[in-house]
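Welcome, and please take a moment to look over the structure below.

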Amino acid sequence: MLKVNAAITGVAGYVPDYVLTNKELETMVDTNDEWIKSRTGIEERRILKGKGNGTSVMGTEAVKLLLEKTNTDAGEIDLVICATVTPDMRVVDTANIIALNTGCKNAFTYDINAACSGFLFALTTGSKFIETGAYKKVIIVGADKMSSIIDYKDRATCIIFGDGAGAVLLEPTEEEVGIKDALLKSDGSGKENLYIKAGGSAHPITIDHVIAREQFVVQNGRPVFKAAVSNMSNAVKTVISRNNLTVSDVRWLVPHQANRRIIETVAKMADYPMERVMMNIHKYGNTTAGTIPLCLWDYEDQLKKGDNIILTSFGGGYTWGAIYLKWAY
Ligand code: UT7
């Protein structure tokens, strides 16, 4: 019997209309356009406005477009996984709300929290349900409304993050395409450098936390930068070598969009040419679980069946990894 592979058979994305420019950030914190562009590569990011609008609003739009593009009946979807650190609510899972909004009434759903590596972790998990033959149509969403957990008085974080969502459809194929390999890692010692103190079960939110602004993301940029560069470049190099590939066999490198300097350094350390690196950080900033599917969405018309692609990410936790896949259409 031929091996069943899990292939991405469609990709879609959604970013909100509101554009938060570096110029507008200059009016909010002590920063400037030149610093932001030269230190991060970010020119603008999108912000989801509107009372009561959570991450599911963006995930819903991405999944609606995905179903439409792939001509898929929502009732055929078996599973929806949403990677996010900004669920609409602590209880109910965001994937469940997205499934409800999009008519995926036969799907079971759950969220995955692995910060900026959430999409890679969710894609790997979803692909296993396909490879085992258990399910035929799985949707993976990477979505974050980072503006809901960012302190717009903290210049170390507010310039980086934005809101957005991407989604892919996974289906079985016996062709030699789809997800080929995944290297995924976690190291909890990174919790000192990228975290939100209050709002979880360790520190349920109180008025004192709010006064101290502890409901927002804290990041020590430099150690995170160093760990991101070394772990992503090592993951990419390992996945290339253990699949008997060379750098020239890999058509596209799709890195998590956290900082243009990180992306360039990872490419340099992996000896990978920048012209084959997907990058859209200048217009969306860091959308956490959204960055990688949003890149695939932006570059979709340049992808060809059989292209070797490596996805790589690094994020809070720490979490990181790399996935090797062959594009299926
Ligand atoms: O996606 C999840 C994982 N996250 C990441 O991968 C992010 C990793 N870290 C980074 O991308 C970078 O560390 C940052 C973009 C966060 C910061 O860039 P940096 O080059 O590491 O700057 P820094 O924190 O070392 O600060 C350099 C200087 C400092 O001033 P002094 O002490 O040299 O006088 C900062 O106070 O820049 C100052 N600074 C700023 N100046 C203007 C820090 N933030 C700003 C700002 N505008 N927004």
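## A helix and its surroundings

Helix α4 (residues 94–102) has these buried residues: Thr94, Ala95, Ile97, Ile98, Ala99 and Thr102. Buried here means under 20% relative accessible area, with exposed meaning over 50% and partly exposed in between, using a 1.4 Å probe and protein chains only. Helices are DSSP runs of H or I with at least four residues, strands are runs of E with at least two, and both are numbered from the N terminus.

This is a predicted model, in which local features need pLDDT of at least 70 and side-chain atom pairs count only at pLDDT 80 or more, while totals for chains, interfaces and linings use all residues. Residues are numbered from 1 along each chain as its sequence is written, and side-chain values use heavy atoms, leaving out hydrogens and water.

What covers the buried residues of α4? The elements in the table are among those that do so, through contacts (heavy atoms within 4.5 Å).

| Element covering α4 | Residues |
|---|---|
| α3 | residues 55–69 |
| β4 | residues 79–83 |
| β5 | residues 108–112 |
| β6 | residues 138–145 |

Just after α4 comes Gly103, with a positive phi of about 80 degrees.

## A loop residue

Now move along to Asn280, which sits in the loop between α9 (260–269) and α10 (281–284). Its relative accessibility is 3%, so Asn280 counts as buried. Apart from neighbours within four places in sequence, Asn280 is in contact with Gln257, Leu294, Cys295 and Asp298. Phe216 lies 64 residues from Asn280 in sequence, and their C-alpha atoms are 25 Å apart in space.

## The whole chain

Stepping back, the protein chain holds 11 helices and 13 strands. Its radius of gyration is 19 Å, close to the 20 Å that the globule rule gives for 329 residues, so the chain is as compact as a globular protein of that length. That radius is taken over C-alpha atoms, and the rule is 2.2 Å times the number of residues to the power 0.38. Along its principal axes, the C-alpha trace spans about 60 × 45 × 35 Å. Of the 329 residues, 55% are buried.

An automatic or database domain assignment sets the domain bounds, dividing the chain into domain 1 (5–176) and domain 2 (180–326). Taken over C-alpha atoms, the centres of domain 1 and domain 2 are 14 Å apart. Where the domains meet, 52 residues of domain 1 are in contact with 49 residues of domain 2.
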